[in-house]
Amino acid sequence: MINVTRSSMPLYEEYCEEIKDLWESRWLTNMGVKHRRFQAELESYLNVPHVALYTNGHLALENILAVMEFPQGSEVITTPFTFASTTHAIVRNGLIPVFCDINDVDYTMDASKIEALITEKTVAIVPVHVYGNLCDTEEIERIAKKHNLKVIYDSAHAFGVVKNGVSVAEFGDASMFSFHATKVFNTIEGGAVTFSDDALEQKLTEMRNFGISGQESVSYVGGNAKMSEFQASMGICNLRHIEEEIAKRQKVVEQYVKRLSGVKGIKLCPAQKGVKSNYAYFPVVFDGCEFDRNEVFSALGENDIIARKYFFPLTNSFECYRDLPTASAEKTPVAEYIAERVLTLPLYADLEISDVDRICDIILDQRRKS
């Protein structure tokens with residue numbers, strides 16, 4: 001079976017060596033030596049002054065929104081073309097998601113449609129870098145400054161991406177990264193928030209540790225979202241190999257592009273100008289083919305190849321948001337159109353080129369069958 005992704009891991013011996021001293025210290029969580037070392041290494045790699053580590057990316061996003069202390073019922077402009085976590089984090093903070101449509105090139109938020117959605121209740125923009133494609137950060141920053149809005153990026157797909165020499169982690173007021181096992185870079189489970197405002201550091205530290213600000217003081221109604229020493233150790237190991245892993249993924253993507261570009265009815269994302277990609281996902285939009293996305297999905301499945309309808313359905317069509325006045329897929333027609341046609345193909349560092357060819361053969365064979 002070929003899964004849609006496969007976790008990158010260091011050598012067994014390398015990880016064992018990294019965690020060996022934990023049996024001596026018995027310090028397994030609560031921001032120990034591994035946690036602090038990993039944090040420092042990420043700050044260097046991502047070129048940011050502050051990194052807050054989390055047990056997963058979702059809680060990282062919830063926490064950064066929480067410490068911004070937006071008034072309950074405030075509006076946050078975001079995109080429905082994302083994983084459930086993005087919208088849930090907004091709603092779970094008592095905020096109202098207002099959905100902006102995406103563009104049909106890289107599937108990120110259409111910055112030209114943001115200002116029309118701003119009201120007196122708008123406090124922030126939560127754009128999503130999709131598939132490793134970066135948002136129009138310059139235009140989003142211009143709009144945010146003009147209207148005095150915070151910008152918190154969902155960068156779950158964008159670890160290691162660089163735009164015109166600038167790390168993706170440097171954009172906006174903060175960025176959330178997911179280190180889930182399915183991502184380009186993983187800590188088994190895990191996540192982080194990057195930011196430059198010194199005042200946020202203590203707030204985030206307290207928020208992810210039950211709101212505890214001292215031995216006898218609790219300042220926030222916080223939760224438990226701390227990254228463990230074992231997760232941090234995996235991160236330390238995987239960070240050593242991240243550029244090598246991205247280079248391997250690039251070769252897989254290049255083979256897909258070689259086989260599928262120029263095929264009538266198959267739309268691929270173009271490379272973004274000035275962007276050093278992390279090759280996180282390989283989305284294919286079946287638009288005008290003799291066959292549709294679902295037929296390809298089924299044909300691959302019949303051959304034990306797992307692709308993913310990612311993102312489908314849109315978050316603004318979820319059952320849990322049916323009564324939300326701002327939620328309607330009809331208000332985001334481009335996102336709806338892409339969601340009904342997109343398929344992300346298997347992509348990971350160790351995927352054999354022969355397997356890429358087999359996947360492409362199955363896809364292209366559908367033309368002859370239709």
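1. The protein chain exposes about 16,500 Å² of surface, and carbon and sulfur atoms supply 50% of that area. This figure, like the others in this note, belongs to a predicted model, and it should be read with that in mind.

2. As for overall dimensions, the C-alpha trace of the protein chain spans about 70 × 55 × 40 Å along its principal axes. The radius of gyration of the protein chain is 21 Å, which agrees with the value near 21 Å that a compact globule of 370 residues would have.

3. Turning to the interior, buried residues account for 54% of the 370 residues in the protein chain. Of the contacts in the protein chain between residues at least 6 apart in sequence, 71% join residues that are at least 24 apart. The secondary structure through which the chain runs comes to 12 helices and 15 strands.

4. Where charge is concerned, the protein chain carries 38 positive and 52 negative side chains, and the centres of these two sets lie 3 Å apart.

5. Some details of the backbone deserve a separate look, since most residues other than glycine have a negative phi and most peptide bonds are trans. Which residues does the cis peptide bond with omega of about 20 degrees join? The bond in question joins Tyr 310 and Phe 311, and Phe 311 is found in the loop between helix 10 (293-302) and helix 11 (333-339).

6. A cis peptide bond also runs from Phe 312 to Pro 313, here with omega near -5 degrees. Pro 313 has its place in the loop between helix 10 and helix 11, the loop in which Phe 311 is found, so a reader inspecting one of these bonds may wish to look at the other.

7. Asp 304 likewise has its place in the loop between helix 10 and helix 11, and its phi is near 60 degrees, a positive value in a residue other than glycine. Is Asp 304 buried or partly exposed? Asp 304 counts as partly exposed because its relative accessibility is 43%, a value that falls between the 20% below which a residue is buried and the 50% above which a residue is exposed.

8. Asn 30 has a positive phi of about 60 degrees, although Asn 30 is not a glycine. Asn 30 lies in the loop between helix 2 (22-25) and helix 3 (33-46), and with a relative accessibility of 43% it counts as partly exposed.

Technical notes. Residues are numbered from 1 along each chain as its sequence is written. This is a predicted model: local features need pLDDT of at least 70, side-chain atom pairs count only at pLDDT 80 or more; totals for chains, interfaces and linings use all residues. Side-chain values use heavy atoms; hydrogens and water are left out. Helices (H or I, at least four residues) and strands (E, at least two) are DSSP runs, numbered from the N terminus. The radius of gyration is taken over C-alpha atoms; the globule rule is 2.2 Å times the number of residues to the power 0.38. Buried means under 20% relative accessible area, exposed over 50%, partly exposed in between (1.4 Å probe, protein chains only). Contact means heavy atoms within 4.5 Å. Accessible areas come from the Shrake-Rupley method with a 1.4 Å probe; for residues, only the protein chains shown count as cover. Lys and Arg count as positive and Asp and Glu as negative; His and the chain ends are not counted. The place of a charge is taken as NZ of Lys, CZ of Arg, CG of Asp or CD of Glu.
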